[in-house]
Amino acid sequence: GDALPVAVLDATAASAQFVLRPVRAGIAQLLVSFATADVVVQVEISDARVDPTSIVLSLPLLGAGDVLDFVRVNGTRVQSSVSISFNDGTVYADATSLDWIPVGALLRFVSDLEASVLADRAGGFTLLGNHWEL
């Protein structure tokens with residue numbers, strides 16, 4: 001029988017971008033062509049576990065550092081930015097903007113004050129009401 005592929009290419013018609021989706025561990029060989037030049041590129045697909053070493057959440061619209069200012073109209077939503085580093089050297093400068101995996105599959109966002117600020121799966125925070133700590 002035919003061997004299982006290591007990975008498959010998914011294309012999105014709207015953006016004409018291709019995403020390599022792993023199927024199993026192994027080496028995927030890609031033939032990359034540009035004009036008259038062809039190059040074979042090998043991509044290693046690993047199923048080894050990697051752990052995060054650093055996670056940094058920022059809310060640029062609300063300020064920087066330890067002081068954030070959520071003085072907004074009720075119902076206003078702001079999007080966070082999350083940098084994640086892993087022990088294998090992989091770094092996602094902003095995991096909320098990855099197009100191949102939703103950030104909610106990597107992290108869970110919560111708020112200690114859900115009656116006032118609601119966190120969502122995409123890393124957004126919505127102001128619902130006033131709170132003395134805000």
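Analyst: Let us begin with a single residue and its surroundings, keeping in mind that this is a predicted model. Leaving aside neighbours within four places in sequence, V82 is in contact with I55, V56, L57, Y92, A93, D94, A95, T96, L107 and F109.

User: Where is V82 found, and is V82 buried or exposed?

Analyst: V82 is found in strand β7, and its relative accessible area is 1%, so V82 counts as buried, the cut-off being under 20%. Distance can also be read between C-alpha atoms: V82 and V103 are 21 residues apart in sequence and 8.9 Å apart in space.

User: What does S85 touch, if residues up to four places away in sequence are not counted?

Analyst: S85 also lies in strand β7, and with those places left out S85 touches D51, P52, T53, S54, T90 and V91. S85 is buried as well, with a relative accessible area of 18%.

User: How should I read the secondary structure of the whole chain?

Analyst: Start by counting the elements and then follow their order along the sequence. Here the protein chain has 0 helices and 10 strands, so that the pattern, read along the sequence, is β-β-β-β-β-β-β-β-β-β.

User: And how do I see which strands belong together?

Analyst: The general idea is that strands of a sheet pair through backbone hydrogen bonds, either parallel or antiparallel. In this model, an open sheet of 3 strands has the order β5-β7-β8, with antiparallel pairing. Its edge strands are β5 (52-58) and β8 (91-92), each of which pairs on one side only. The pairing of β5 with strand β7 (residues 81-86) is antiparallel and runs over 6 bridges, and the bridge partner of P52 in β7 is F86.

User: Which strands form a hairpin, and how many residues lie between them?

Analyst: The hairpin is formed by β3 and β4, with 2 residues between them, and in the turn A35 has a positive phi of about 55°. Strand β3 (residues 26-34) pairs with β4 in the antiparallel sense over 9 bridges, in which S33 has D38 of β4 as its bridge partner.

User: How many salt bridges does the structure hold, and how should I read them?

Analyst: Side chains of opposite charge can pair when their charged atoms come close. The structure holds 2 salt bridges. In one of them D51 pairs with R49, the closest N and O atoms being 2.8 Å apart; D51 is partly exposed, with a relative accessible area of 29%, whereas R49 counts as exposed at 73%. In another, the side chains of D120 and R77 meet, with 2.8 Å from N to O. Because D120 lies in the loop between β9 (117-119) and β10 (124-127) and R77 in strand β6 (residues 77-79), this pair ties together parts that are 43 residues apart in sequence. D120 is partly exposed, at 25% relative accessible area, and R77 also counts as partly exposed, at 39%.

User: Which values describe the chain as a whole?

Analyst: Buried residues make up 23% of the 134 residues in the protein chain. Its accessible surface comes to about 9600 Å², of which 56% belongs to carbon and sulfur atoms. Finally, among contacts with a separation of 6 or more, residues 24 or more positions apart account for 32%.

Methods
Residues are numbered from 1 along each chain as its sequence is written. This is a predicted model: local features need pLDDT of at least 70, side-chain atom pairs count only at pLDDT 80 or more; totals for chains, interfaces and linings use all residues. Side-chain values use heavy atoms; hydrogens and water are left out. Helices (H or I, at least four residues) and strands (E, at least two) are DSSP runs, numbered from the N terminus. Buried means under 20% relative accessible area, exposed over 50%, partly exposed in between (1.4 Å probe, protein chains only). Contact means heavy atoms within 4.5 Å. Accessible areas come from the Shrake-Rupley method with a 1.4 Å probe; for residues, only the protein chains shown count as cover. Two strands pair if DSSP finds at least two bridges between them. A salt bridge is a side-chain nitrogen of Lys or Arg within 4 Å of a carboxyl oxygen of Asp or Glu.
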